[in-house]
Amino acid sequence: MTMTMRAEAALDRSPLDHELPPVVSATSPTADQPDLGVAARVTAHEARPRLTSTLLWAAQILLAAFFLFAAVPKLAGSHSSGQEFALIGAGQWFRYLVGTVELAGVIGLLTPWLAGLAAAGLAADMAGATIINATVLHNTAYGVNVWMTALLCAVFVILAFGRRQQIKGLAAAIRQ
């Protein structure tokens with residue numbers, strides 16, 4: 001097995017293996033020159049986690065801004081959110097609870113070690129909102145929000161999945 005074949009096999013092992021040995025091709029003019037094709041794949045392999053993290057942070061910042069604008073009216077007692085929660089029938093305490101959960105989610109999304117847990121919590125919040133919109137509010141003006149809350153739930157599930165290592169690390173730190 002040549003050095004190039006071993007290096008390619010190392011690339012196929014696991015996406016989490018970031019430390020690969022230097023790659024030298026036996027087919028190069030000299031054994032001292034690296035095979036640029038495999039070296040380019042190694043560089044691209046190492047760049048994926050950085051790109052993924054950048055995309056996750058961009059999504060987290062946008063969603064945090066969106067949820068900040070959603071939580072403040074609930075906590076400030078706007079007429080519209082008061083009407084919506086009156087139609088739900090759980091009482092205005094529920095509006096304050098949801099506003100507080102969403103504001104905590106905003107803070108969590110912007111905190112590096114809490115981002116995954118906040119995304120999971122906001123996914124649960126949006127799952128509940130989807131169920132409420134589809135069942136309780138389906139015949140009202142707020143019932144059309146079911147698609148938006150379902151989409152937001154899916155986005156938060158993807159974010160939580162992308163930050164699953166942070167969630168596992170946080171759980172391990174709590175256990176210790």
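Reply:
**A close look at one residue**

Threonine 149 lies in helix H6, where helices (H or I, at least four residues) and strands (E, at least two) are DSSP runs numbered from the N terminus. The model is predicted, so local features need pLDDT of at least 70 and side-chain atom pairs count only at pLDDT 80 or more, whereas totals for chains, interfaces and linings use all residues. Residues are numbered from 1 along each chain as its sequence is written, and side-chain values use heavy atoms, with hydrogens and water left out.

With a relative accessibility of 6%, threonine 149 counts as buried (under 20% relative accessible area; exposed is over 50%, partly exposed in between; 1.4 Å probe, protein chains only). Residues up to four places away in sequence aside, threonine 149 touches Met126, Ala129, Thr130 and Asn133, a contact being heavy atoms within 4.5 Å.

In contrast to threonine 149, which is buried at 6%, histidine 138 counts as partly exposed at 45% relative accessibility.

Helix H6 (residues 146-162) also holds phenylalanine 156, which is buried with a relative accessible area of 0%. Aromatic pairs are Phe, Tyr and Trp rings (six-membered ring for Trp) with centres within 6.5 Å; planes under 30 degrees apart are stacked, over 60 edge-to-face and the rest tilted. By this rule the model has 4 aromatic pairs. In one of them, the ring centres of phenylalanine 67 and phenylalanine 156 are 5.3 Å apart and the planes stand at 70 degrees, so the pair is edge-to-face. Because phenylalanine 67 belongs to helix H2 (residues 36-76) and phenylalanine 156 to H6, this pair ties together parts that are 89 residues apart in sequence. Phenylalanine 67 counts as buried as well, at 2% relative accessibility.

For the chain as a whole, the model has 7 helices and 0 strands, and the pattern along the sequence reads α-α-α-α-α-α-α. Of its 176 residues, 31% count as buried. Among contacts between residues at least 6 apart in sequence, 60% join residues at least 24 apart.

Confidence is expressed as pLDDT, the predictor's score for each residue from 0 to 100. The chain averages a pLDDT of 83, and 74% of the residues score at least 70. Over residues 1-26, pLDDT stays under 50, and the model has 34 contacts beyond four places in sequence for this stretch.
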